[in-house]
Amino acid sequence: MADVQRTPVIAGNWKMNKFIAEAAATTSELVPLVSGVSGVKIIVCPVFTALSATADAAKGSNVEVGAQNCYTKESGAYTGEISPHMIKDAGCQWTIIGHSERREYFKESNALLNEKCAFALANGLKVMFCIGETLEQREGGQMNDVLRTQLVEGLQGRTDEEFKSIVIAYEPVWAIGTGVTATVEQAQEAHAFVRGVVRDTFGDAVADAVRIQYGGSVKPDNAGELIQNPDVDGFLVGGAALQAESFAAIIKAGAAN
Ligand code: PGA
């Protein structure tokens, strides 16, 4: 395997939290806390209504801004949806695609997520593409099949060039918002498996370079050991990213590696 340096990507997924002023205030608090931190990519993902104010608060800093979802059309009669250009117009460079909450509550299929990812990339957004197994699937021995299917069906067709703008987020559903984090060993095992599937499907160059974030109850006190894993290249953080101070502590733990 080539010895490739993968700069960690640490993103806060604020989910359906924070009014506009709160999102801007948290960002303004975060910016000075992480201004001297290098060797890590930092992203916050607020709700749609707060994208623009958050991007304004982050302007000129090392904090980038992303959306939590993005549709497959440019404009038109798609009530309730938002396009990549609209997200970019709000000052953002990123979008999350395929979070398990979208898969579960909004029935987003691998086929739809493939389309969403392709369209976002084609229109100049970078993508954090989420995958992850439920507890039932893990205990039923289906974890590897589920992860392989989500990866292959969700990302098939993407080119080596497009993969430069894709980060994969491995988030075991049983660890999201539960306070139960995957152990360091469980995380490494899953991440190595995911990289192996990427290698088999998309080749060595993509597998060596693609960043794989871990997500699921990441906290300041477990980030440092999780990032030690050779295949963990950052985090997607929910609850612990809501406060600037704890998110900054996770960023510093990730960057210190
Ligand atoms: P959590 O959420 O950190 O609150 O577990 C992670 C996520 O869903 O991205």
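Two bridges connect strand β3 (residues 63-67) with strand β4 (residues 94-97), and the two strands run parallel. Two strands count as paired if DSSP finds at least two bridges between them. Strands (E, at least two residues) and helices (H or I, at least four) are DSSP runs numbered from the N terminus. Within this pair, G66 stands opposite W94 in β4.

The model is predicted: local features need pLDDT of at least 70, side-chain atom pairs count only at pLDDT 80 or more, and totals for chains, interfaces and linings use all residues. Residues are numbered from 1 along each chain as its sequence is written, and side-chain values use heavy atoms, with hydrogens and water left out.

The pair β3 and β4 belongs to a closed barrel of eight strands, in the order β1-β2-β3-β4-β5-β6-β7-β8, with parallel pairing. On average, neighbouring strands of this sheet are turned by 25° against each other, direction ignored. Strands of a sheet pair through backbone hydrogen bonds, either parallel or antiparallel. Helix α2 (residues 51-58) lies across β2 (41-45) and β3, and runs at about 170° to β3. Such angles run from 0 to 180 degrees between N-to-C directions, and axes are lines fitted to C-alpha atoms, for helices over the stretch in contact.

Two further helices meet elsewhere. The axes of α1 (residues 20-34) and α12 (residues 244-255) come within 9 Å and cross at roughly 35°. The crossing is right-handed, that is, the near helix is turned clockwise from the far one by less than a right angle. On the α1 side the contact (heavy atoms within 4.5 Å) involves T26, E29, L30, L33 and V34, which meet A244, E245, F247, A248, I251 and K252 of α12. This contact has seven nonpolar, one polar and three charged residues. Here Ala, Val, Leu, Ile, Met, Phe, Trp, Tyr, Cys and Pro count as nonpolar, Asp, Glu, Lys and Arg as charged, and the others, Gly among them, as polar.

The loop between β1 (9-13) and α1 holds K15, whose phi is positive, about 50°, although K15 is not a glycine. K18 is in the loop between β1 and α1, with a positive phi near 80°. Most residues other than glycine have a negative phi.

Next come the spaces in the protein. On a 1 Å grid over the protein atoms alone, a cavity is a set of points where a 1.4 Å probe fits but cannot get out, a pocket is an open set with protein on both sides within 12 Å along at least five of seven lines, and lining residues have an atom within 4 Å of a point. The largest pocket contains about 400 Å³ of space, a volume being the space filled by probe spheres set on the points, which are joined across faces, edges and corners. Of its 17 lining residues, M16, Q68, N69, R102 and F106 lie nearest its centre. Helix α4 gives the most to this lining, three residues.

The largest cavity has a volume of about 30 Å³ and is lined by G98, H99, S100, R103, C130, I131, G132 and E171. The elements giving two or more residues to that lining are α4 (100-105) and β5 (126-131).
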